[in-house]
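Try each task before you read its solution.

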Amino acid sequence: MAKSDKYGIYDLRNEFPTDDACLEYIFRVLHSERCSCGGRYKRLPERRQWQCSKCRYQIAPTAGTLFEKSATPLTKWFHALFVFSSAKSGLSGKQLERELNVTYKTAWRMLKLIRASLPNKKHRLLGDVEMDETYFGGKGNAGKNNQDLGKVMDDKSVILGAVERDGEIRAEVAPNAKAATIGQFLHTNVERVKTRLLTDESNRYDLVAKRYHRQSVNHSQQEYVRDDVHTNTIEGFWSHVKRSISGTHKAVSRRYLQSYLDGFVWHYNNRHSDRDRFSALLYGLLR
Ligand SMILES: [Zn+2]
């Protein structure tokens, strides 16, 4: 990888000019040159395989990776990973189709595979953790007196999220926003000890967060920040996701919402440097 924090398309072309260069990289990440028999692996000429000098065992570096069954050249795959890792507001199949000069179907499949393989971390958050829920998608109008509110809300997806201040984020599409669902997300994603849980005043937290040190702001009383008690970080993430989806993807069906969300979560958790983000994606997808 290039030395500086910036990593652009020029760096990518320099580092991975050919399919061979990509393949060598994959071999280096996944395998050692030394065979357990004491021999050394060498690339077989004109082939995508390495062979041990002593026991003759062969390795195909792409076996078991997302590139394995693809007819798309590795340089295009690496280019797709680079574009994905740079696109903080998300990336649509249409954009990738133009960028790589492949068919829409191919671009869409590549994106789907990349999102499904994202190396998102799972460990529990701690410290100052903001938690909140949001509603996404759906159409229609609740009517003058909110008489259709129930129907409109049923069409929407619930997303639950928690974020460490200056740290990582977790977000999930949930079946509903009931207390039990919130509790399950909370217990799976947030440590109880060493955490100050920051939420709005919703009474749905009362029981499930009883054993957490929790502080809340009363949004219905127009209170948004009290000292450092607020949920601005997670709300900022929600608006970024909503803006990005309406700008880039126009609409996302409920079926794919989680995988798009995983993309935004991954970008957020790898937001500090372009170079790290690309290598983390490439490396994470391979391991
Ligand atoms: Zn060997």
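**Exercise 1: a proline in a loop**

Setting aside neighbours within four places in sequence, proline 119 is in contact with Gly284 and Leu285 (contact means C-beta atoms, placed from the backbone, within 7 Å). This is a predicted model, where local features need pLDDT of at least 70, side-chain atom pairs count only at pLDDT 80 or more, and totals for chains, interfaces and linings use all residues. Numbering starts from 1 along each chain as its sequence is written.

Task: work out whether proline 119 is buried, exposed or partly exposed.

Solution: 
- Start with the location: proline 119 sits in the loop between α5 and β4 (125-136). Helices (H or I, at least four residues) and strands (E, at least two) are DSSP runs, numbered from the N terminus.
- Next, count: proline 119 has 15 C-beta neighbours inside 10 Å, so it's partly exposed. (Buried takes 20 or more other C-beta atoms within 10 Å, exposed 12 or fewer, partly exposed is in between; C-beta atoms are placed from the backbone.)
- Finally, proline 119 and leucine 285 are 166 residues apart in sequence, yet 6.3 Å apart C-alpha to C-alpha.

Conventions: Contact = placed C-beta atoms within 7 Å.
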